[in-house]
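Have the sequence and the 3D view open as you read.

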Amino acid sequence: MRIAIGSPGNGALLKDAIEERLVEDERVSDLVDLSMPDITYPEVSFQVAQAVAEGWVDRGLLICGTGVGTAIAANKVPGVRAATAHDLITVRGSVENYDAQILCMGQNVIAAPAAWALIDVWLDLHHDPASSYGPKVGEIEAYEARLHS
C-alpha cells in the first residue's frame with residue numbers, strides 16, 4: 001500500500017512516531033511524508049488529499065492537534081473522504097462503511113502506542129461496495145460529481 005503522511009508542527013511528534021513504524025511495516029510499499037517546516041494544517045491536508053485523489057497513493061494519514069482541522073481541509077478536495085478517528089469502531093467504520101481514504105488523528109488526543117494500534121488495524125481494512133453502505137457512498141459521490149461538473 002502506498003501512503004502519504006503529513007502534519008503541521010502541532011502533530012509532528014505523533015507523525016514521526018507513526019512514520020517510524022510505517023517504514024518498517026511490510027504492508028506499506030511506499031511512504032511519502034509531505035510535511036515541511038512551518039506548513040499549515042490546511043496546506044498539508046490539501047497536499048495529502050490531492051495525492052490520494054490523483055492516485056499517487058492509496059491512502060493518507062494526517063496528524064494535527066485534534067485531527068479535526070486536517071479532516072475538514074482534506075475533505076475539500078474532490079473525491080476524497082477523510083475521517084477523524086481515535087477508537088476502533090470509528091476507524092473500522094471510516095473505511096469499511098464510508099470508504100474513507102484518509103485517517104486523521106490528533107496528537108493532543110491519542111498517545112503514539114494507541115494510535116499505532118489503530119493504524120495497524122486500519123492498514124488491513126477494506127470497503128465493500130456491495131455492503132449496505134455501498135449505495136450511500138455512491139450517493140455521496142454522485143452529489144459531489146454534480147457539484148464539480
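## Charged pairs and a tyrosine

Glu19 is buried, with a relative accessible area of 18%; here buried means under 20% relative accessible area, exposed means over 50%, and partly exposed lies in between (1.4 Å probe, protein chains only). This is a predicted model, in which local features need pLDDT of at least 70 and side-chain atom pairs count only at pLDDT 80 or more, while totals for chains, interfaces and linings use all residues. Residues are numbered from 1 along each chain as its sequence is written, and side-chain values use heavy atoms, with hydrogens and water left out.

Which residue does Glu19 meet in a salt bridge? The partner is Lys15, at 3.4 Å from N to O. A salt bridge here is a side-chain nitrogen of Lys or Arg within 4 Å of a carboxyl oxygen of Asp or Glu. Lys15 is buried too, with a relative accessible area of 5%. Both residues sit in helix α1 (residues 12-24), and because they are 4 residues apart there, about one helical turn separates them. Helices (H or I, at least four residues) and strands (E, at least two) are DSSP runs, numbered from the N terminus. The pair also belongs to a network of salt bridges that links Lys15, Asp16, Glu19 and Asp33.

Searching the whole structure gives 10 salt bridges. Three of them, including the one just described, are set out here:

| Salt bridge | N to O distance |
|---|---|
| Lys15 and Glu19 | 3.4 Å |
| Asp99 and Arg81 | 3.0 Å |
| Glu96 and Arg92 | 3.1 Å |

Asp99 and Arg81 meet in a salt bridge. Asp99 lies in the loop between α4 (88-96) and β5 (102-106), and Arg81 in the loop between α3 (68-74) and β4 (82-84), so this pair ties together parts that are 18 residues apart in sequence. Asp99 is partly exposed at 24% relative accessibility, whereas Arg81 is buried at 12%.

Glu96 and Arg92 are 4 residues apart in helix α4, with about one helical turn between them. Glu96 is partly exposed at 27% relative accessibility, and Arg92 is partly exposed at 35%.

Now for the tyrosine. Tyr133 is found in the loop between α5 (112-122) and α6 (134-147), and is partly exposed with a relative accessible area of 26%. Beyond its neighbours within four places in sequence, Tyr133 is in contact (heavy atoms within 4.5 Å) with Asn97 and Tyr98. Its C-alpha atom is 31 Å from that of Ala112, a residue 21 residues away along the chain.
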